[in-house]
Amino acid sequence: MRPDVEAMKADIEQSAALLRRRLDWDVSLRKLDELNARVEDPTLWDNPEQAQAVSRDRSRLEAQINSVRELESALEEGVMLAEMADEEGDEATLEEAREQLRAVKERAARAELEALLSGEADGNDAYLEVNSGAGGTESNDWAGMLLRMYSRWAKAHGYEVTIEAHEEGEQAGVKSATILIEGPNAYGWLKSESGVHRLVRISPYDAAAKRHTSFASIGVSPVVDDTIEIDINPSDVRTDTYRASGAGGQHINKTDSAVRLTHMPTNTVVACQAGRSQHQNRDMAWKMLRARLYELELQKREAAAQALADAKTDIGWGHQIRSYVLQPYQMVKDLRTEVETSDTQGVLDGDLDAFMGAALAARVGETRDGN
């Protein structure tokens with residue numbers, strides 16, 4: 001076998017072995033059998049909430065087990081093809097086998113990271129909120145760029161993106177916006193993106209072409225499903241209605257259909273204007289509020305939780321998690337993990353996996369060798 005093929009084979013085998021260890025393979029297989037038996041028990045559905053929880057656990061565990069099996073099967077097929085091509089001296093088929101193994105290696109690397117998504121709400125959908133910092137048009141434009149970046153990342157990974165709230169900047173970009181990102185492990189991947197993001201560039205709004213530094217904050221909360229109880233005292237929540245702005249046809253600007261909720265004990269504010277009626281927006285705003293308060297509770301449980309309050313109250317120097325420098329050189333650098341790249345355009349177009357993967361691994365304190 002060619003040395004490069006042998007090296008890829010060894011890497012994929014190591015990834016598969018690591019995934020089996022993290023899953024505690026034999027225990028997981030037994031647990032899946034138990035969950036399958038429970039789902040097939042008709043009495044389970046006497047309690048719909050419990051049935052949904054069991055079905056969700058089964059689907060998630062089955063997906064994890066199948067992921068490992070598919071990796072091992074694809075590895076076997078790629079190696080067999082490479083060995084056959086090598087024996088026959090068929091360079092074209094050998095290169096095809098290499099491409100297959102490279103793809104399997106990429107899948108294995110992502111599966112390793114997904115195996116770290118074992119947090120209480122990691123598998124949930126997510127709300128992502130962007131807020132511009134001080135600086136007017138510059139910061140609003142930067143917030144708009146971040147909104148585009150995360151939307152493109154989500155769509156590239158097959159997630160659904162829905163705008164729930166959107167307050168436009170006066171000249172460009174957005175003052176604030178909230179999007180719903182729906183798909184497997186959306187919150188798990190995005191949770192490490194919460195914090196302040198700093199941009200350095202030559203301003204397109206400055207006639208003198210001077211460098212400007214802008215800040216915007218990102219906040220990520222898990223969507224809370226019906227199996228998670230969040231107790232909110234209605235008397236602690238102030239409700240405001242206002243006229244929606246932005247795209248949406250004639251109706252959106254004629255009635256006070258937008259809803260803003262303020263949870264006064266935590267000073268948590270959410271807003272929704274995406275619905276066509278105040279009733280729809282009120283329902284969605286309450287879902288968003290539950291998600292935000294649940295995220296706060298999750299952070300309290302983490303010993304190394306980020307200072308979310310600081311990030312939201314002071315969007316500026318000393319609080320940033322990542323810098324995006326477009327002038328005088330090209331560099332995006334994560335200040336927590338030291339991961340960096342000169343492909344700034346790729347990052348702004350949504351290529352964030354390297355940053356998310358490193359932050360995820362650092363957050364759980366694991367390495368590939370399990371040390």
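I began with Met149, which lies in helix H5. Helices here are DSSP runs of H or I with at least four residues, strands are runs of E with at least two, and both are numbered from the N terminus. I am working on a predicted model, where local features need pLDDT of at least 70 and side-chain atom pairs count only at pLDDT 80 or more, while totals for chains, interfaces and linings use all residues. Residues are numbered from 1 along each chain as its sequence is written, and side-chain values use heavy atoms, with hydrogens and water left out.

**Entry 1: Met149**

Is Met149 buried or exposed? I found a relative accessible area of 0% for Met149, so this residue is buried. The cut-offs I used are under 20% relative accessible area for buried, over 50% for exposed, and partly exposed in between (1.4 Å probe, protein chains only).

Next I looked up the partners of Met149. I left aside the neighbours within four places in sequence and found contacts with Tyr324, Val347, Leu348, Gly350 and Leu352. A contact means heavy atoms within 4.5 Å.

**Entry 2: Arg152**

I stayed in helix H5, where Arg152 is also found. Which residues does Arg152 contact, leaving aside neighbours within four places in sequence? They are Asp349 and Gly350.

I then found that the side chains of Arg152 and Asp349 meet in a salt bridge, at 4.0 Å from N to O. This pair links distant parts of the chain: Arg152 sits in helix H5 and Asp349 in the loop between helix H9 (344-348) and helix H10 (353-364), 197 residues apart. The term salt bridge stands for a side-chain nitrogen of Lys or Arg within 4 Å of a carboxyl oxygen of Asp or Glu. As a reminder to myself, side chains of opposite charge can pair when their charged atoms come close.

From C-alpha to C-alpha, I get 6.4 Å between Arg152 and Asp349. Arg152 counts as partly exposed, at 39% relative accessibility. Asp349 is partly exposed too, at 27%.

**Entry 3: Asp141**

My last stop in helix H5 was Asp141. With a relative accessible area of 15%, Asp141 is buried. Leaving aside neighbours within four places in sequence, I list its contacts as Ala172, Gly173, Arg201 and Tyr205.

Which residue forms a salt bridge with Asp141? I found Arg201, with the closest N and O atoms 2.7 Å apart.

I searched the whole structure for salt bridges and found 22. One of them joins Arg98 to Asp4, with the closest N and O atoms 2.5 Å apart. Arg98 lies in helix H4 (residues 91-114) and Asp4 in helix H1 (residues 3-23), so the pair ties together parts that are 94 residues apart in sequence.

I compared how covered the two partners are. Arg98 is buried at 11% relative accessible area, whereas Asp4 is partly exposed at 33%. Asp4 and Arg98 also belong to a network of salt bridges, together with Glu95, Glu99 and Arg102.

**Entry 4: a negative patch**

Which residues gather in a patch of negative charge on the surface? I noted Glu6, Glu83, Glu87 and Glu88. Patch residues have over 30% relative accessible area and no salt bridge; like charges are joined within 9 Å, and nonpolar side chains (Val, Leu, Ile, Met, Phe, Trp, Tyr) within 5 Å. Asp and Glu count as negative and Lys and Arg as positive, with His and the chain ends not counted. The place of a charge is taken as NZ of Lys, CZ of Arg, CG of Asp or CD of Glu.

Helix H3 (residues 48-88) gives the most to this patch, with three residues. Glu83 is in helix H3, and I found it partly exposed at 35% relative accessible area.

**Entry 5: the whole chain**

I finished by stepping back. The chain has 10 helices and 11 strands, and 44% of its 371 residues are buried. Among contacts with a separation of 6 or more, 64% come from residues 24 or more positions apart.

Technical notes:
Accessible areas come from the Shrake-Rupley method with a 1.4 Å probe; for residues, only the protein chains shown count as cover.
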